[in-house]
Amino acid sequence: MTTLIQFIVIGISMGALYGLMALPLSLVWSATRTLDFAVGGYAVVAGMVSARLALPFGPIVALLIGTAGGAIVGAAYLYLQSKRARGEKNSMTPTLVSVGLLFALVAFAQWQFGTNAVFVDAFPGVLEVAGIRIPWSSVVNIVSVALIAGVLAVFLKFTRLGKWMRACAGSAHDAPLVGIPVRSIQFGTFMLTGFMSALAGLLLLSSRGTFFGAGFALGILGIGAMLVFGMRGLGTALLGGMVLGLVESLGTAFLPVNVAPIIVPVFLLVILAIGKFDHEAGTVRP
Amino acid sequence: MRGAINFFIRQPALIVAVVGIIAIVSAWRSLSAIDTIVVMCTFAIMGVSLALIYGQAGVMSLAQAAFASIGAYCTAIMTARFDLPVLLGLIAAILLPAAFGLLVARVVGRMSHMALAVSTLLVSQVVIYAIASWSDLTGGYLGISGIPRAFFMPDIRTAAIIGLILVIVCIYVLQRVIRSEQGRAYRTIAADGVLSSSLGINVAERLGWLFALSAGMAGVAGWFYAHSRSFIAPDALTIDTSLSVLFMVIVGGSATILGPVVGAVVLTLIRDMVPNAALGGVFYGIALIVVLLVLPKGLLGTNWLGMLRGRRRAGSIVDAESTSTTEAGRTK
C-alpha cells in the first residue's frame with residue numbers, strides 16, 4: 001500500500017509539471033487555434049542552460065530563453081495572421097513553425113550540451129510521512145505548481161490583463177469590439193507559454209533530470225495533458241497533466257517492463273480516438 | 001521544339017529521370033557522392049509518400065518513418081532470417097505498412113487535423129518502441145545486420161540507380177493520383193470535409209485508401225533503406241526522420257509533384273555541408289521557419305515570376321508617384 005501511495009505521489013508530482021506546460025497551451029489554443037509544439041524544447045533548453053550557468057543567472061537566463069522562444073512563435077503567428085487577412089490560407093502554418101522551432105531547439109541542446117542527461121539534486125532527501133517516503137523534489141514540484149496555478153488563476157480572474165486574456169480565449173473574433181488589443185494579448189500568451197514551459201524545465205531538472213531527446217516527449221506530454229479532458233479551462237489542463245503523470249507512474253510500477261513505456265502514448269491515442277479533443281465543426285466520421 | 005519543351009515540363013517523372021541520370025553519372029567515381037544520392041532517394045520516396053497524404057488531402061502524417069520502419073523490418077526479417085527472396089520482401093514491405101496504414105486511418109481518420117497530427121506522432125512512438133522491444137524478432141536496439149542485397153543491387157552504385165528508378169515510379173504514381181478524379185476528390189476533402197461528403201464523396205473510405213497508399217510507399221523507402229545499407233535498427237528511422245521528411249516536403253512544396261524531391265535534395269545537401277549532425281538539425285529547423293514565413297508554398301509551389309512582377313509593379317507605382325509629385329510641384 002505504501003508503495004502504491006509513493007508511486008501516486010510521484011505520478012502527481014510529474015503530472016503537475018506536464019500540467020504546468022498545458023496551462024498556457026490551453027490559453028494559446030483557445031485564443032489562436034494554434035498548438036505550440038515547441039514547449040518541450042523550451043523546457044529542455046531552459047533546464048540545460050540553468051544547469052550550465054551558476055545561480056542566480058542560470059534560472060533567469062533559462063526563463064528568458066523560454067520566453068523568447070514563445071515570442072518567436074507568437075511573432076510568426078501574428079505575421080501569418082496578417083497574411084491570412086490578405087487571403088492566403090495557412091491555418092496549420094503557425095503550428096508548423098513551432099515544430100521547426102522544436103526541432104531547432106532539440107538539435108541546439110544536443111549540439112551545445114551533448115547527449116548526456118543532466119540532473120541537479122537541488123532538493124535532496126525524502127520526506128517520510130506515516131511510512132511513505134516522498135522525495136523532496138516531488139514535494140517542491142507539487143507545491144510550486146499549485147502556487148503558480150493559483151497565481152495564474154488570480155491573475156486571470158482579477159486583473160485587467162487577465163480578463164483580456166480570458167476574453168481573447170473566449171472569442172478572439174469579438175474581443176476587439178470592446179477595445180481589447182487582441183494581437184498583443186495573443187503575442188503575450190505565446191510568451192507566457194514559453195515562460196511556463198521553461199519553469200517546468202527548471203523543476204524537471206531537479207526531479208528527473210533532462211537531456212536533449214526529452215524535448216519531443218515533453219512536448220507530447222504537455223499537449224497530451226491539455227487533450228485528456230479537452231480544452232475546457234485551466235483546471236482541466238492541470239488535471240489532465242496529473243492524470244498523465246499517474247498513468248505514467250502507475251504503468252511503470254505495475255505493468256511489464258516492455259509495456260510500461262508506451263502506456264502514455266496508447267492512453268492518449270484512446271483519448272483522441274474517443275473524440276474529446278475534437279472542437280472543429282465539420283469533421284467527418286467514417 | 002516548343003512542343004517538345006512543353007511536353008518535357010509536364011512530365012515530372014521524366015525530369016527526375018534526366019536529372020537523376022546526370023547526377024549519378026557525374027558522381028560515379030565518388031562513393032561518398034553516390035552514398036548521398038542513395039540517401040536523397042530514400043528521403044525522396046518518403047517525401048513523395050507524405051506529399052500524397054499531406055499535399056493532396058491536407059492530412060499531416062508524422063508516422064511516415066514508422067511505416068518505413070515496418071517495411072524495412074519486414075524485408076529484413078524475411079530475407080536475413082528466413083532466406084526468402086528480396087522481391088518477396090518488397091511485396092511484403094508494401095503490403096504490411098499499407099494494411100497498418102489502413103488500420104491507423106480507421107482510428108485517426110475521424111479526427112480534426114491537429115488531433116490527427118498528434119495521433120500519428122503517438123502511433124510513431126508506439127511502433128518504434130514496439131520494434132525495439134520485440135528483440136526476438138527484430139534484434140531489439142541492436143537491429144538486424146547482414147541484410148542481403150538484391151541481385152540487381154549488388155553495390156552502392158547500382159543501389160543509386162535502383163533508388164532513382166523507385167523515385168521515378170513513386171513520382172509517376174503521385175502524378176497519376178493528382179491528375180485523376182481521385183486527386184480532385186482528395187483536394188476537395190482537404191478544402192472542406194463536410195462539403196465533400198455532401199457531394200457524395202465517401203471521405204473516410206477515400207482517406208483510408210490514400211493513407212494505405214502513402215504507407216505502402218513509405219514501406220518501399222524502408223525496403224530500399226534496408227537493402228542498400230544491409231542494416232536496420234530502431235534508431236535509423238525515428239520521429240526525427242518523420243519530421244525531417246515533413247520539412248523536406250514543405251520546403252520543396254507540398255502541393256507540387258517535384259517539391260518533395262527538391263526538398264529532399266536541398267535539405268540533404270545542407271545536412272552534408274554542415275560539419276556537425278546536431279548543428280544540421282538547427283539549420284533544418286531554421287530553414288523550415290524561414291520557408292514557412294517567406295515561401296509558404298515551398299520552393300516549387302511559389303510563383304517566382306509573379307513575385308518578381310509584383311515587386312517591379314510596386315516599384316513602378318512608387319516611381320510613378322514620385323514622378324507625379326514632381327510634376328505637380330512643377331505645375332504649382
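Helices (H or I, at least four residues) are DSSP runs, numbered from the N terminus. This is a predicted model, in which local features need pLDDT of at least 70 and side-chain atom pairs count only at pLDDT 80 or more, while totals for chains, interfaces and linings use all residues. Residues are numbered from 1 along each chain as its sequence is written, and chains are lettered from A in the order in which they are written.

**A:Thr189**

- A:Thr189 lies in helix H7 (residues 182-207) of chain A.
- A:Thr189 counts as buried because its relative accessibility is 3%, the limit being under 20% relative accessible area (1.4 Å probe, protein chains only).
- Leaving aside residues up to four places away in sequence, A:Thr189 touches A:Pro24, A:Leu27, A:Val28 and A:Met165, contact meaning heavy atoms within 4.5 Å.

**Interface of chain B and chain A**

- In chain B, 45 residues are in contact with 45 residues of chain A.
- The two chains bury about 4000 Å² between them, 81% of it on carbon and sulfur atoms; buried area is the accessible area (1.4 Å probe) lost on putting two parts together, summed over both.
- B:Arg110, B:Met114 and B:Leu293 supply 19% of the area that chain B buries against chain A, more than any other three residues.
- Zero salt bridges are counted between chain B and chain A, a salt bridge being a side-chain nitrogen of Lys or Arg within 4 Å of a carboxyl oxygen of Asp or Glu.
- Elements of chain B that give two or more residues to the side touching chain A include helix H5 (86-108), helix H6 (113-133) and helix H14 (277-294).

Definitions and conventions:
Heavy atoms only, no water. Buried < 20%, exposed > 50% of the residue type's maximum accessible area, 1.4 Å probe, protein only.
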